[in-house]
Every structure is written in C-alpha cells, then in structure tokens.
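Subject: A structure for you to look at

Dear colleague,

I am handing over a structure that I would like you to open and read alongside this message.

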Amino acid sequence: MKVFGLNIGNNKSPDLLITSADREWVEENFQWLVKMFGHPRVDQFSLDEKHFPKTFDNKEIRIEGVVSDCCSHLGLDINRFSYAIREDIRDFANMPYGSEGRLVDCYIEYDEQTDRYLVLLAKNIFKHPKWLIQSICCELTKARLMGSKVEYDTGEDTNLFLYLAATYFGYGVIIGQNLADIGLRADPWWETRWSYVADIPYPIMAYALAVFSRLRNDSDPAWKQRLPDEIRSEFILALQHLQSSDNELFDPKRIDNALHADRLFELADQHYE
C-alpha cells in the first residue's frame, strides 16, 4: 500500500511537504494516464453554473443533473446510468449511533451483461451537497476508466489513484476545495457530528495539480486562486520544483507537440461533425 508521510530527513525537495517516494508515485500515475488518454485536453472545472449547468438549474441538487454534467465532461452516455438512494442508520430521527470506519456514501457499480452503471448514494449525503458533487465526480471518473476498458490498480491504493485520475480529467480544484466536511449540529436533546475527509492528503493533492498544470504548459493557471491557502502554497512550490524536473514527461517540446496534435484532432472532429 502507498504510504503518505511528511518529509522528514533528506527525502524531500526544499520546502515541499511531499516525500520523494510520493512524488514519484504521482508522476508515474500521471505518466500512465497520459499514455492511455494523451495530455489533458480540458482545464480544471469550477463548481459553478458554467461548468455544471444541469446541477445548478434547480435550487436543490439533483443526482440526475450532477451525473448529466459529469457525463458531458467525460464523454459518457447518460442513458447507461441509473441511480439508487439508500437509507442507513443516520436517517432515523433521534437514533444514537456510532460507526467504525467510514460509511459508504457514494459508489458506482458496473453490470457487464447489460453494459450499464448503477450509482448508489446514501440519503444522508444530500445534506452535504459539495461533498456529494465531489464524490460523484470521482465515481464517474471510475466509470470513464471502466468504459475505456483499461486496466488500473484496483488494490488498496484505488481511491488514491482515482483522485489523481479525477484531477487529470479536470476535477482537481473541486476536490481540493472539498477535502473535508466536518461539523456539528445540536438541538436541546441531540447532537450530531459528521466527518467527511478525503483519502488523499493536501500535499499530494497540490502536487497532482502541479503535475496537471505542467502537462498543460501553464505556469500560472487562473484556477490556483480558487484553491485553499495551504494547497495553493504547496502547489506553487511543487510547480517550481517541476520546472527543473528532468522527467521526460515534462519536456516542453514534447508537451507542445502533444497539445498541438490534440488541437488538430479537435479541429478535424469539428470539421466532420
């Protein structure tokens, strides 16, 4: 299992919180994503009406709208998706409870026989709309990988890898803005606590965004201003580190040629549509 840790000793670049082993892990996974899908063709999405029009066309978040927007981003057929909302112990009023580990709030299943996807959601997650949207973005990224028939790590590191893949497909800023949702709600009789925390630490998230930015030859992306302070600071340091990297993945000429080829393919597609 991949172990994330703070940089202690001489296994880091100056001022970076991410270890050299974790940097290599992030870069290797992005290298695999580039090999499978090419250089990132879209920039980071914002959680707003521009990038999620169906999500925000109602006052209340609807699962159909979020999935529709993600399908549009990822080139998926929304007609192959269905949804199920399930209750659990959190939905019973005035019921004291505790749990060991995290309850499953969002998960996608694929049926090979019908070639369809089922999005399973806990009813409770609708009380936390930003976490709901972030979770669906990650799960639909999984559907994108499944639909491409590519083999990827499905071991203990799967969730960590999916955060990197979601960043590659444009959801990194949204994830970075919602790494945790922790709170307390109380009335005279009951107290309810919740804690939604992403599996990926913020230094790893910052480095993943820096790799994404480097792969697009963008040294000053506008979206960095939307990142939380600690992620933005680490992102800037990570990007500075990557500017001097000798990894051929970040060779400027190679990136320019790849991005130019992608633009030509897009223009050709538009011409023949």
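Two strands are said to pair if DSSP finds at least two bridges between them, and the strands themselves (E, at least two residues), like the helices (H or I, at least four residues), are DSSP runs numbered from the N terminus. Please keep in mind that this is a predicted model, in which local features need pLDDT of at least 70 and side-chain atom pairs count only at pLDDT 80 or more, while totals for chains, interfaces and linings use all residues. Residues are numbered from 1 along each chain as its sequence is written, and side-chain values use heavy atoms, with hydrogens and water left out.

The sheet

Three strands form an open sheet with mixed pairing, in the order β1-β3-β2. Its edge strands are β1 (81-86) and β2, each of which pairs on one side only, and the twist from one strand to the next averages 20 degrees. Between β2 and β3, which run antiparallel, there are six bridges, and E109 stands opposite L118 in β3.

Helices against the sheet

Axes here are lines fitted to C-alpha atoms, for helices over the stretch in contact (heavy atoms within 4.5 Å), and angles run from 0 to 180 degrees between N-to-C directions. On that basis, α2 lies across β1 and β3 and runs at about 140 degrees to β1, whereas α3 packs on the sheet, touching β1, β2 and β3, with a direction that makes about 20 degrees with that of β2.

The core

A nonpolar core is a set of buried Ala, Val, Leu, Ile, Met, Phe, Trp, Tyr and Cys residues joined through side-chain atoms within 4.5 Å, where buried means under 20% relative accessible area (1.4 Å probe, protein chains only). The largest such core has 70 residues, and those with the most contacts inside it include F30, F81 and I200. Its largest share, 13 residues, comes from α4. Leaving aside residues up to four places away in sequence, I200 touches L160, Y163, L164, L179 and M205.

The cysteines

A disulfide is counted when a pair of cysteine sulfur atoms lies within 2.5 Å, and by this rule there are zero disulfides. For C70, the nearest cysteine sulfur, that of C137, is 3.9 Å away, and for C71 the nearest, that of C70, is 7.3 Å away. C70 is buried, with a relative accessible area of 0%, and C71 also counts as buried, at 3%.

With best wishes

Technical notes. Buried means under 20% relative accessible area, exposed over 50%, partly exposed in between (1.4 Å probe, protein chains only).
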